Amino acid sequence: MNNLIADIDIISGEEAKATDYRTSADENTGKTRKLYIESYGCAMNFADSEVVAAIMKDGGFDTTSDFYKADVIFLNTCSIREKAELTVRKRLTDFQRAKKAKPGMTIGVLGCMAERLKDKFLEEEKLVDIVVGPDAYRDLPNLISSAEDGQKGVNTFLSREETYADISPVRLNSNGVTAFVSIMRGCDNMCSFCVVPFTRGRERSRDPHSIVEEARDLFSKGFKEVTLLGQNVDSYKWSPEENNKARLNKKEKEVSTVINFANLLEMVAQVNPALRVRFSTSHPKDITDEVLYTIKKYDNICKYIHLPAQSGNSRVLEMMNRTYSREWYLERVSKIKAILGEECGISSDFITGFCSETEEEHQDTLSLMDIVKFDFSYMFYYSERPGTLAAKKYPDDISMEVKKQRLSEVIKKQSETSLLRNKLDLGKEQIILVEGESKKSASDYKGRNSANKVVIVPAGNYTKGDYLKVKITDCTPATLFGEVIEINPELS
Ligand code: SAM
Ligand code: SF4
């Protein structure tokens, strides 16, 4: 799950390489040692880094934004596309320079690249001291101690239970308004192009009470929006029976029924009407009408669904093992529009040039985009990943030139439909949540409407975290512009 990266509404794989990473900020809570953490890839990875920062805080570390000042440097990696791996390798050589100046420093690789590259990074290239997979972060303090004693530390064990439910994340680089909340880990889907099931392990859902508690805690600290994260949120499923009853407290044991994603959405929406709820990612095969009706029922559940299509052609979808057809996808979109109205934001991910994709099949993707009229999309050309089903079964036989040509056509189509969709908002009154100053001008503020579109408004007598009623006056394909009508209107 790639998305939700502020300010980037339409990206190609190449642009993503340059932009979708985050570094830790300076923090001083009196701890004696410093941690620098740089995270690549998807929102799940950014959320994981916040769990890592919490574990490290308990181990005596504050975060820093300057890796030269760090005692420990972590690179939380992504291996979804080959380019992400190349970036990480380059970064590790930069960190080696810092280590030369400060030999006691520990460098660690975390996350999705850990398992695949542990031998290479640790033993062959000696670029790092520790390598830790996404389910082994509780072991970090031990591994750091071992590294400080001169032993290389590795733990890439993938768990069937770990959800870090009890860990209260340290918010890194936070705007103080919006936060990610992980609701599940791993993925059982086995899309043929995707490494996630191999790097992040089996799907497991987090205890709903800990999710609601985290949302409540965030709201009490002034946050106004939570985004519930999972690779396939619609398959969220939790019950005391399935989730080891012996370990549960009395309140948890009282829940005898299964909690599905619709139930969880409702539980989080009820925390407070002034706390917005978003979620990502929805899988077209799993999104239910029950979820759609729950979104409709609560004003504070945002009317926006990220529903990656990947392709508009049924044969390609079958080869991708997405387990839905073009017709199924279009039926789900019709249902979303029927239940939540045309104003509900819908976005997608697309992969161009997947194995054996013909020009005609590529045209099906463009025609699907014409029919659905996505508000925005994250678009990539196919990058073969070792170990995936596609790498084993299908030749990567579309030339880079054709992959890139098709990607540019998909990006162009998306830009046209984004503008078209944004124009429909002109003259409308909408509620936005202010996230902070606009990156381009300190005299403007940036917020988002329910459909997840960025809205720029002139600075006024309000601040981040305020809700504004605005009238949309102008737009580009990526941004809406508005004038403020009312500050903190009553929220129903
Ligand atoms: N779980 C989400 C879903 O099923 O839609 C997406 C998770 S994946 C981390 C994010 C996106 O990266 C995918 O939707 C897909 O478009 C893209 N992606 C994954 N593997 C890829 C590959 N091998 N080459 C190019 N893009 C890929
Ligand atoms: Fe990868 Fe498919 Fe799982 Fe998404 S649903 S993480 S694309 S295997």
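These legends accompany close-up views of a predicted model.

**View 1**
Let us start with Arg171, a residue in the loop between strand S7 (153-155) and strand S8 (178-182). Is Arg171 buried or exposed? Its relative accessibility is 19%, and because buried means under 20%, Arg171 counts as buried. The side chain of Arg171 makes a polar contact with the side chain of Glu214, at 2.6 Å. The Arg171 side chain also reaches the backbone oxygen of Phe180, at 2.9 Å. Leaving aside residues up to four places away in sequence, Arg171 touches Glu50, Ala179, Phe180, Glu214, Leu218 and Phe223.

**View 1. The second largest cavity and its lining.**
Searching the whole structure turns up five cavities of 30 Å³ or more. This view shows the second largest cavity, which holds about 110 Å³ of space. How many residues line the second largest cavity? There are 15, and those nearest the centre are Val51, Pro169, Ser182, Arg206 and Glu214. Helix H2 (43-58) and strand S8 each supply at least two lining residues. H2 gives the most to the lining, with four residues. Sorted by class, the lining of this cavity has seven nonpolar, two polar and six charged residues.

**View 2. The residues around ligand 2.**
Next comes the shell around ligand 2. Three cysteines, Cys187, Cys191 and Cys194, are among the residues around the ligand.

**View 3. Thr417 within helix H15.**
Thr417 is found in helix H15, which covers residues 400-423. With a relative accessible area of 3%, Thr417 is buried. Look for the backbone oxygen of Gln414, which lies 3.1 Å from a polar atom of the Thr417 side chain. Beyond residues up to four places away in sequence, Thr417 touches Met369, Lys373 and Phe374.

**View 4. A cis peptide bond between Ser280 and Thr281.**
Here the backbone itself is the point of interest. The peptide bond from Ser280 to Thr281 is cis, and its omega is near 10°. Thr281 lies in the loop between strand S14 (276-280) and helix H10 (289-297).

Asn321 is not a glycine, yet its phi is positive, at about 60°. You will find Asn321 in the loop between helix H11 (314-319) and helix H12 (326-340). Asn321 is partly exposed, with a relative accessible area of 29%. Asn452, another residue other than glycine, has a positive phi near 75°. The loop that holds Asn452 runs between strand S19 (444-449) and strand S20 (454-458). Is Asn452 buried or exposed? Asn452 has a relative accessible area of 5% and is buried.

Key: Residues are numbered from 1 along each chain as its sequence is written. Chains are lettered from A and ligands numbered from 1 in the order in which they are written. This is a predicted model: local features need pLDDT of at least 70, side-chain atom pairs count only at pLDDT 80 or more; totals for chains, interfaces and linings use all residues. Side-chain values use heavy atoms; hydrogens and water are left out. Buried means under 20% relative accessible area, exposed over 50%, partly exposed in between (1.4 Å probe, protein chains only). A polar contact is a pair of N or O atoms within 3.5 Å; within protein, one must be able to donate a hydrogen and the other to accept it, and residues adjacent in sequence count only if both atoms are side-chain atoms. Contact means heavy atoms within 4.5 Å. On a 1 Å grid over the protein atoms alone, a cavity is a set of points where a 1.4 Å probe fits but cannot get out, and a pocket is an open set with protein on both sides within 12 Å along at least five of seven lines; lining residues have an atom within 4 Å of a point. Grid points are joined across faces, edges and corners, and a volume is the space filled by probe spheres set on the points. Ala, Val, Leu, Ile, Met, Phe, Trp, Tyr, Cys and Pro count as nonpolar, Asp, Glu, Lys and Arg as charged, and the others, Gly among them, as polar. A residue is near a molecule or strand if one of its heavy atoms lies within 4 Å of it.
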